Every structure is written in structure tokens, then in C-alpha cells.
4 protein chains.
Amino acid sequence: MSNKEFSRSEDSKNRILLAAAEIFSHKGLDGARVDDIARSAEINKRMIYHYFGSKENLYVEVLRHNYNKINDLGQETYIPGDDPMENAVRALRSYFYFLASDEQFVRLVSWEALNRGRFGSKVLPQFLELTQANLGEIIHEGIEKGVFRADLDIRQVLLSIHSLCLVYFTRRELVQHMWSRDMMSEDMLESRLQHVIDFVFNGILTHREDCVNDSN
Amino acid sequence: MSNKEFSRSEDSKNRILLAAAEIFSHKGLDGARVDDIARSAEINKRMIYHYFGSKENLYVEVLRHNYNKINDLGQETYIPGDDPMENAVRALRSYFYFLASDEQFVRLVSWEALNRGRFGSKVLPQFLELTQANLGEIIHEGIEKGVFRADLDIRQVLLSIHSLCLVYFTRRELVQHMWSRDMMSEDMLESRLQHVIDFVFNGILTHREDCVNDSN
Amino acid sequence: MSNKEFSRSEDSKNRILLAAAEIFSHKGLDGARVDDIARSAEINKRMIYHYFGSKENLYVEVLRHNYNKINDLGQETYIPGDDPMENAVRALRSYFYFLASDEQFVRLVSWEALNRGRFGSKVLPQFLELTQANLGEIIHEGIEKGVFRADLDIRQVLLSIHSLCLVYFTRRELVQHMWSRDMMSEDMLESRLQHVIDFVFNGILTHREDCVNDSN
Amino acid sequence: MSNKEFSRSEDSKNRILLAAAEIFSHKGLDGARVDDIARSAEINKRMIYHYFGSKENLYVEVLRHNYNKINDLGQETYIPGDDPMENAVRALRSYFYFLASDEQFVRLVSWEALNRGRFGSKVLPQFLELTQANLGEIIHEGIEKGVFRADLDIRQVLLSIHSLCLVYFTRRELVQHMWSRDMMSEDMLESRLQHVIDFVFNGILTHREDCVNDSN
DNA sequence: AATGAATGAGTATTCATTCAT
DNA sequence: AATGAATGAATACTCATTCAT
């Protein structure tokens, strides 16, 4: 009984976690209601306390579960000997589409930022590090190989790339309202990504193009 | 008699607004407590309802009050005949330091984004437009004068610039934890701004510099 | 100054009383709001406390003021030597139209009944006595003259007449809904009154008619 | 298991309803306090909101519950072929003693009348109709059989009978004060009922009984 | 392992009343 | 005589959590 793939209890616990993740991501810790989570998980409220002890604790578990998603990310995009630019583009694309695909993650991370890590940040590993360790190395390599400018502060660059990807999703509603386009359509996603890549490599000044165009 | 500098009631209303802004910005709408606001404003809770009707309404007024801050911003930085780059740098600097100086604004806007404009976005003008109308025109002008690349999608550029400035503040805690420096110190602020400016104009690729160097 | 017809203060006091009467009559003591009364009287709330001391006290004054209206009633309808039936009809008509004309009175008296005289009945004279002292004597006289049945319990008759008139007004809404006619129109009022008179004198049995018809 | 006589929740819900009925009937919607109801029902206040949603809603349920009592009334008093007068007396007696036995009902209905059906009348069927459909038919039948006068407006008669019964209870306190007798004693109740019956059938004029044409 | 019912401490909101001028 | 601003105590309603089974 206990060694089925998923015991009944594992299943319940999971249902709670998924329902909670969804609701916390939409409403935040303070806005979420334990009753709503229970209803959405189709489970008795009491079970939440049985498995997780408290709302706060459940929230932390939801965070942990989401932060783990990052581990699945980006490792496979790095091809050791390859051109740093190629590697960077792959990493960037991988990160961008990860954010695009997982609204829940993006929102949870944002709530957490606003709550100044009331819970998550103290208990959990800093996810930014995880995210960008990879990209950090690529850039470092690119600088060493002379492909990227030597005067760059890698941390600033990482933060900037992070920003360029993230805000497209965190301010989606507002921007959507201004652009009146479906910002999550394939087209729009891809053009944002292209813009970001271009922006990261070229900036906005004209004379660049003279140099870069031919190599492009 | 009634038009003294500030009537007593104006003063009370203001105290409430300021206290509320501070608390809402820290805890969000759901996390804030009316009692805390009253205590912080050193006023009877009843007056909050007298002047604002409800917690929600008070929140909307706080948003309105904050969004208005943008109007005071950036207009004076634009010098008509000047070099678009100079104008852009000034606008960027002005926006960056506005965000740096007003944590409250940054946080309120972020809560609002997460709440998908539960209140603000319906009632209030889209603040992003206001913010960047200015910068938008500068870039447009820059493109026409051939200073900026003609193939730019201005909206994407605006969003990118917005992102590069904003995230430094919205993720301050997390980044601070990684960089272990006081991110709000004059030094750090200025180097972030320099990075952003440089990033916007030059991107990260090496060869640019070769072209740009002479003009630099 | 103080011996004008109505000093300013008298006027304010009156405005409060009238506004309060209207609001108490509509919403009852518990449902009425001091703020509403002040607003309706176009006076500062503080004045209510100045003149009346408390909401409860104001309510009592409103009751007193209304109960006094009864004094203006019915005395003039009684013609000493006249046929008791004529006198009774006149008294009945007078009472019925008094109720018809003064919804406020009817409602206040009804609230008071439901509140089991939480205030009014202990402080104020029993208005039923006042109302019907007159009619009581007429019936008494009618019995002595052999016009009315000798076996009547006058108190029961008075209560019955009172009921027949009153309920038409106290249940107006409900009845109106069933009858779908404007129950306060001249027509409807008069036919109710005629019914009551007829009912009081004749009851509903047929055989009466044999006797009465021809004389009619 | 779940269909025991009364599940625990049914029992709680019922306790709330009964306590609320009692308190609402005494104090009205505005005068009643949710805390009092909870205390009286010996239950946690929260359960009131769990089962009924709001004070107002609970009030409506109390009304519904009370209005339903009418359904249990009067049907069995009607004997098809019987003398209309007998049937009428039975119906009248049944209604009169129903009111006598259920102060709660009488008071709730009265509050509702004063509140002009703020809630009840919109949500619930018109109870007057229900009450008197029965009596209405009896009178109709009586008229057809020539027992009751043909010129009667049945609706007026119904309202009159209603009035004669009702006011004895709605103005109980005031009348009691005047009559100084226990108006709810068996004796007094029965004599009021006899008076009403007599009054309805005979009115107050003398000649009727003898069929006294000549004195007219 | 699971559940329906219950709870106490909180939380927004309202109200009659009073203060300062 | 009058007012605008302020207050404390209540009041309706909510929420995370626990009890009994």
C-alpha cells in the first residue's frame, strides 16, 4: 500500500501543493485564503495542517517547489567549446522562455521580492545565483576570448539581462494595455526575445550597425 | 479663516494619506491593517472612513497620489535642440534617480502590477505612458536625426530602459544579498546608472568599441 | 431678540424635530441615524445634543409631538343631541382620515408598539384612551338610547373599530401589492371607510339586508 | 450515518435559526445584535456566517421559516359541504388562535410591515394571500349560497377580519395597560374571539337581531 | 488517512457622542 | 447659537487554526 508509485497521501499532499502554488501566485501570501486552497485541492482543510502545519509553511514549500524548477534549466544549453555568443543566446533564450512558460514562478518570485523575503529568502537559496551562474560563466568566457568587452561588470550585465527578460512578464498587464497586442503570442514573444538579444549585443546607437551588420 | 495654509481637516487627511502610503507600500493592500494606518497617522480610525470611505478607496487615493509624482518628473530635462543622446542620458538619469529616491513609488507600482491592476489600472491613467512619453519622443527624434538605429521598435526600447532601471530597485534585497554592497549608496547608484547608459548605447560586444572609440 | 415669533433657536429646534420625526417614522429608533437627521435638518449634529441631549431623548420628543396631534382630533365632530349613529359615523370618519392624512403618526405609533414602549409608553399618556374617549361615549350613549346593542363590550368595540381603521394603513404595502390599486387615492380611501362603517353596523350576514335594505 | 435524525450541523443551523427568530422578533432587524444571537444559540458567531452568510440573510431565513408556519394552518378546518358560517367560524378561530399562540410570527410580520418589506416581501410569497385564500373561498361560497350579503367586497372583508384578529395582539401592551387584564388568558382570548365573530356577523346595531324594521 | 463542524482572535466598518473654537 | 473635527465603544464579518469522530 505504501509503496505504490504515489501513495494516497502523497497524492493529497501534491494536490495541496499545486493548488496552493496557483493561488499564492495569483494573490500572494496575504491575499490567499486557506479555504480557497482546500476547495481548489478538493481536500479537507484539515489536511493542509496535517501535511504542512501552517499557511506560512505551505507558502514556503510552494516557494521551494518553484525555486527547484530552476535546476531543470539552462544546464543543457551550454555547449563547452562553442562560440560564447552562441552560448549566450541559447542561455538567454532558455531563460526567457522559461519565464514565458511559467507565470506562476514569475509571480511567486515577485511577491517574494515585495515581501522582502519575509519567509522565502531567509529559508531558501538565493535563486538569482542559481539562475545565472551559467550565464555568468558564459560571459566571463566571452570576455576572456575577447568577444565581449573587457570593461564589463559581469554582475551588472547579469542583472541587466535578468531585467530585460523579467519585466516583460511582470508588467505584462500594463504593457499589454498600452500595446494592445497579445504579449504571450509566439510572435510577440519571439520579437521581444530578438529585441533583447539585439539590445544586449548592440545597444541603440547607429554607428554600431556599420560594424556589426556585416558580421551578422 | 478657512483658508489658512492648511486647515485642520486637510492636515488630518494628509496625515492619513502619508501613513497609508507608507504602510501600503510596505505590506500591500491585503497585508496592510487599517488600525496600523490610524495609529501611524495618530488619528482616530473613524476619520479614515470619514475622509476616504474604505480601505480600498484609501488605497486608490494613495496610488493616485503616487502616480501624480510622475508629472513632476522629467519635463525639465528635455532641451529641444540638444543632441538626442544628451537628452536621452538626461531623461534616463532623471528617471533612474526618481526611482532611487522614491522607494514607496516603486513598491506601490509593483504591488499594483502583481494585483493586475485590481484597482489602480482601472481608475487611473496608465502611468507608464506618462513616464515615457518624454523619452519616447527623444528616441524618435534620435532616430530621425540618424543618431539612433532606424530599425528600433521604440516601444521595445522603452520597455527595456524601463526594465534596466526598475529591477535594480525592485529586486534590491536579493541583489544586495548577492553583491554584499549597499546598493543605495551614491557610488553604487551612479555605477548602475553608468552601466545602464553604457548598456543601452553600446551593448556588450567588443567590436563596437572599435567603431565608437573615436567618437567617445 | 428672544421675543420674536420664533427665535432662531426655536427654529433650529423645530427643524430638528421635524426631520427627526420623518426619519424615525421611516426607520424606527434603531434604524435611524443621527447623522441623517442632522443632514436632513440642515443643521450641525452638535445642535441635536444641545437641544435634546441624546438620540433617545429626541425620539421621545418626537413621540410626544406626535401624540399631541390627537388632541386636535375629534372634539369638534361630536354634536351633543344628534343621532348616535350620525355621531359615530362622524367620529369614525374623522379618525379614519386622520390616520390617512398622517402616515408619520401611524408609523411612529407602530414602531412604539413593537418596541413595547421601550420609551414612549412609559413616559407618555396612553394615546388610545385619548383617541377614543370620544367614540366611547358616543357608543355608550347609543346603547342607552337603544340604537346600539346592549350586550356590547364597549372596549372590545373600540378596539375593533380602531383595528378596522388602522390596519388599512399599517399593512398598506402588503395589501397594495395584492390589490394593485393605489390605496391612498380618494376613491379607495372612501370605499374603505364606507366598508368599515357598513361592517361596523351590519356585519356580513344576509338576513340583515332584509331588514335594512328597504330603509336604505 | 449522515441521515441520523438530525446531523450535528442541522442541529446547529436550527439552533441559530431559532435563536435568531426570537431575537429578531423582539428587537427587529436593526435592533438585533449578531453577538446576542450567537450567544443565545450557544454557538460561535462564525457559524452564523457559515450557514447564513449575513445578518440580513439570516433575517430573511427567519422570515421564510415563519411564513411557512401558515401552510400548516387552516386547511384542515374547512369542511366542504358544511354551512359557510360554520366554516367561517372555524377558519376565524383557527387564525385567531394561531396568532395568539405565536407571538413571534405576529411580531416578525409587523416589523416587516414597518420596514415596507425591505427584505421579506421581495423574496417571499405574499403571506396574506396564503393566509386567507381559505377564508376567501368560504366567504365566496357563503355569498353564493345566500348566507352572506351579495354586496360585499371580499377583499375588504378579508382585510377587516384580518385586522380584527391581528390588532388584539400587535397592540397587546397598550391595550393591556388600559384594560388591566391578562389579555392572553384563556378567558380573555375566547371573549375577544367571540366578540370578533359576533362583530363580523352582526355589527353593532340593535335592530338586526330582532330584524327590527319598524324602529328604523 | 480523512472529514465536517467548530472556534477565538482579529479586521473592517459604523455609530452615538463630545471637544475645541 | 453654531460648527467642523475628532473619538471610543460597539458591530458586522473574516480568518487561520483545531476538535471530535
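Predicted model: local features only at pLDDT ≥ 70, side-chain atom pairs only at ≥ 80, totals over all residues.
Local features need pLDDT of at least 70, side-chain atom pairs count only at pLDDT 80 or more, and totals for chains, interfaces and linings use all residues. Residues are numbered from 1 along each chain as its sequence is written, chains are lettered from A and ligands numbered from 1 in the order in which they are written, and side-chain values use heavy atoms, with hydrogens and water left out.

**Surface near DNA strand F**

- DNA strand F is surrounded by 33 residues, where near means that a heavy atom of the residue lies within 4 Å of the strand.
- The closest residues are A:Lys45, B:Ser9, B:Ser12, D:Lys45 and D:Arg46.
- Of the atoms of DNA strand F that come within 4 Å of the protein, 54% belong to sugar and phosphate.
- H3(C) gives the largest share of this surface, five residues; helices are DSSP runs of H or I, at least four residues long, numbered from the N terminus.

**Polar contacts with phosphate**

- In B:Ser12, a polar side-chain atom lies 2.4 Å from a phosphate oxygen of DNA strand F; a polar contact is a pair of N or O atoms within 3.5 Å.
- An N or O atom in the side chain of A:Lys55 is 2.7 Å from a phosphate oxygen of DNA strand F.
- For D:Arg33, the distance from a polar side-chain atom to a phosphate oxygen of DNA strand F is 3.2 Å.

**Annotated region**

- An unreviewed UniProt entry places the feature "DNA-binding region" at residues 33-52 of chain A, and such annotations may be inferred rather than shown by experiment.
- Residues 33-52 of chain A are 80% helix and 0% strand.

How values were computed:
Helix = DSSP H or I, 4+ residues; strand = E, 2+ residues; numbered from the N terminus. Polar contact = N/O pair within 3.5 Å; in protein donor to acceptor, adjacent residues only side chain to side chain.
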